[in-house]
Amino acid sequence: MLRTQVGSVAIAALIDTSFAFPVHNVYPNVSDASQRFASLLTDQGALPMICACFLLRAAGRTILVDTGYAEAGQAQLLSEIAAAGSQPDEIDTVVFTHLHPDHTAWNIDRNTGRPTFARARYLVPQADWDHFRAQGSDNFQCDLAPLATAGQLDYFDGEYSLSPFLTTVPTPGHTPGHTSLVVSSGGAHGFILGDVLLSPLDVLDATLENGFDVDGAQARITRQTVLTRLEKSGELVASSHLAPGLGRIATTDDGCAWQPLS
């Protein structure tokens, strides 16, 4: 687990699980991926990825960004929260970058059917709620609809201030309501990506078509805009799928690259 500070805000990258996708499952139209990006792939040509959530603590607040992929084998979000020195009932806010199942799966205790984070308000991008409710997927029915039934769900649109140190920023394309978050404290800044970037390949080439994006054209515009910002600012980046979860976008001779925090 990596931990760092943005001003007075403590941030821990909670690694719920890790997995590897065949690279063409993520980037279906990249015919030369095995050669072009060989150093970033496993020996079997797969793309290693993590599933990270982020715990933020400052000014008496404990905020969790996304709730991981509980169904994926060795998922361990709750033990990661404990290792970060917190407990589920200390979390007062859960905010989602978007509503794909690898970001929402610890919402509901499978034994009780009640929200895992019993004291929290769960904040959901309105556009994503509308989109996934219309689809009526198993994920929506099991992990999202019960939050509304429990009366713990709130919706937001656009830029929304969760606290003096955390503000949402619309970053659509991956999903209709996909949202990133800006952390600001004491003149320092961080950017919680969500799935604007799925892998280091997106950092090297933001024009790649991603098979998981709902709106590929909008997602490419968002990636390019966000990468330009992050490369210029050098601010801390928290990424759901780029190991080890925390890093920066660094300028290189070939453009820019993911630079993990050590």
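Helices (H or I, at least four residues) and strands (E, at least two) are DSSP runs, numbered from the N terminus. The model is predicted, so local features need pLDDT of at least 70 and side-chain atom pairs count only at pLDDT 80 or more, while totals for chains, interfaces and linings use all residues. Residues are numbered from 1 along each chain as its sequence is written, and side-chain values use heavy atoms, with hydrogens and water left out.

**Stop 1: two loops**

Select proline 244, in the loop between strand 12 (236–239) and strand 13 (246–252). Show the backbone here: the peptide bond from alanine 243 to proline 244 is cis, with omega near 0°.

Now go to alanine 59, in the loop between strand 3 (46–58) and strand 4 (61–65). Its phi is near 50°, a positive value in a residue other than glycine. For background, most residues other than glycine have a negative phi, and most peptide bonds are trans.

**Stop 2: alanine 75**

Next, pick alanine 75, in the loop between strand 4 and helix 3 (77–83). Leaving out residues up to four places away in sequence, alanine 75 touches Asp16, Thr17, Tyr69, Ala70 and Trp106; contact means heavy atoms within 4.5 Å.

**Stop 3: a helix pair**

Colour helix 4 (residues 126–135) and helix 5 (residues 138–149), which pack at an angle of about 125° with their axes 11 Å apart. Axes are lines fitted to C-alpha atoms, for helices over the stretch in contact, and angles run from 0 to 180 degrees between N-to-C directions. Helix 4 and helix 5 are therefore oblique to each other; under 35 degrees counts as roughly parallel, over 145 as roughly antiparallel, 65 to 115 as roughly perpendicular and the rest as oblique.

Show the side chains of Trp129, Phe132 and Arg133 on helix 4, and of Phe140, Leu144, Ala145 and Ala148 on helix 5, which make the contact.

**Stop 4: the cavity**

Which residues line the largest cavity? Select Thr171, Pro172, His174, His178, Asp195, Val196, Asn210, Asp213, Ala219, Thr222 and Arg223. On a 1 Å grid over the protein atoms alone, a cavity is a set of points where a 1.4 Å probe fits but cannot get out, and lining residues have an atom within 4 Å of a point. The lining divides into three nonpolar, five polar and three charged residues; Ala, Val, Leu, Ile, Met, Phe, Trp, Tyr, Cys and Pro count as nonpolar, Asp, Glu, Lys and Arg as charged, and the others, Gly among them, as polar.

Definitions and conventions: 1 Å grid on protein atoms, 1.4 Å probe; cavity = no way out; pocket = protein on both sides within 12 Å on 5 of 7 lines; lining within 4 Å.
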